[in-house]
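Work through the exercises below with the sequence and the model at hand. Each task is followed by a stepwise solution.

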Amino acid sequence: ADDDAQIGDFFAKAADCFTRIECYRDMLLNQTAMLTVQPLEELAQHFDRTKGLGKAVAEGRAAYHGAWEKFSQCHHVSNSTELGQLDKLARTTFELKYRYELLLVKYTSDLREIMTTKKTMFLKHLIEQMLAQYSFFHFGYQTLKEMTEPFMNDLSSAAHNERRNAGAIRRRPRFSGTAKPRNKNKLRCEHK
């Protein structure tokens with residue numbers, strides 16, 4: 001009956017321990033989503049946007065160089081028959097250059113932001129996640145250790161006492177005080 005109470009107490013403590021560990025695990029999963037998954041998704045979106053800007057910069061550069069080629073192939077002003085054509089090409093070249101430079105500034109700004117701010121913040125979140133993982137596993141270890149050590153010590157002592165008691169029972173003499181052992185010498189003589 002005492003053993004049943006002790007085992008019942010252990011099961012109640014084990015249920016409480018596992019409940020606390022599961023609660024902590026749920027908090028860890030929420031923290032993982034908050035510290036790692038969301039920043040990683042934001043960083044991926046930022047990379048995609050920057051990649052799109054890179055393509056836009058390449059297209060802007062190609063358009064600017066194409067307009068410059070057309071402008072540079074135009075005849076000298078004194079030889080030109082259409083002055084309006086030269087103005088149109090100059091204006092187009094100037095506008096494409098301006099757009100290209102704006103895209104280039106935005107692209108380099110995004111790259112700089114990724115390399116400095118975003119990367120640093122993501123690494124910070126990753127380190128916080130590692131610390132959260134460490135805390136979770138350490139908490140689980142400590143909780144199980146606090147719960148199981150006393151029970152295991154008691155169980156080990158009980159098993160040791162049972163072995164000692166069983167050994168004492170085996171070491172008792174087989175004969176009670178009323179029965180007499182056989183005379184061994186007598187048996188030897190009869191076999192001769």
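**Exercise 1.** List the residues that line the largest pocket and sort them by class.

Solution. Step 1: the lining of the largest pocket consists of Met34, Gln38, Pro39, Glu42, Leu43, Thr117, Lys118, Met121, Phe122 and His125. A pocket is taken on a 1 Å grid over the protein atoms alone, as an open set of points where a 1.4 Å probe fits, with protein on both sides within 12 Å along at least five of seven lines; lining residues have an atom within 4 Å of a point. Step 2: five of the lining residues are nonpolar, three polar and two charged (nonpolar: Ala, Val, Leu, Ile, Met, Phe, Trp, Tyr, Cys and Pro; charged: Asp, Glu, Lys and Arg; polar: the others, Gly among them). Step 3: helices α1 and α2 each contribute at least two residues to this lining. Step 4: the space in the pocket is about 160 Å³, a volume being the space filled by probe spheres set on the points, which are joined across faces, edges and corners.

This is a predicted model, in which local features need pLDDT of at least 70 and side-chain atom pairs count only at pLDDT 80 or more, while totals for chains, interfaces and linings use all residues. Residues are numbered from 1 along each chain as its sequence is written, and side-chain values use heavy atoms, with hydrogens and water left out.

**Exercise 2.** State how many helices and strands the protein has, and in what pattern.

Solution. Step 1: there are three helices and zero strands (DSSP runs numbered from the N terminus: helices H or I, at least four residues; strands E, at least two). Step 2: along the sequence the pattern reads α-α-α. Step 3: of the contacts with a separation of 6 or more, 88% are between residues 24 or more positions apart, where contact means heavy atoms within 4.5 Å.

**Exercise 3.** Describe the largest nonpolar core and where its residues come from.

Solution. Step 1: nine residues make up this core, namely Phe10, Ala14, Cys17, Ile21, Leu28, Ala132, Phe136, Met147 and Phe151. A nonpolar core is a set of buried Ala, Val, Leu, Ile, Met, Phe, Trp, Tyr and Cys residues joined through side-chain atoms within 4.5 Å; buried means under 20% relative accessible area, exposed over 50%, and partly exposed in between, with a 1.4 Å probe and protein chains only. Step 2: α1 and α2 each supply at least two of the core residues, and α1 gives the largest share, five residues. Step 3: another core, of five residues, lies apart from this one and includes Val57, Ala67, Leu96 and Tyr100.

**Exercise 4.** Which aromatic pairs are stacked, and which parts of the chain do they link?

Solution. Step 1: the structure has five aromatic pairs (ring centres of Phe, Tyr and Trp, its six-membered ring, within 6.5 Å; stacked under 30 degrees between planes, edge-to-face over 60, the rest tilted). Step 2: one of them is the stacked pair of tyrosine 24 and phenylalanine 139, at 4.6 Å centre to centre and 15° between the planes. Tyrosine 24 belongs to α1 (residues 2–72) and phenylalanine 139 to α2 (residues 83–171), 115 residues apart. Step 3: tyrosine 64 and tyrosine 100 also stack, with 6.1 Å between centres and 10° between planes. Tyrosine 64 is in α1 and tyrosine 100 in α2, so this pair ties together parts 36 residues apart in sequence. Step 4: tyrosine 64 and tyrosine 100 are buried, whereas tyrosine 24 is partly exposed at 24% relative accessible area.
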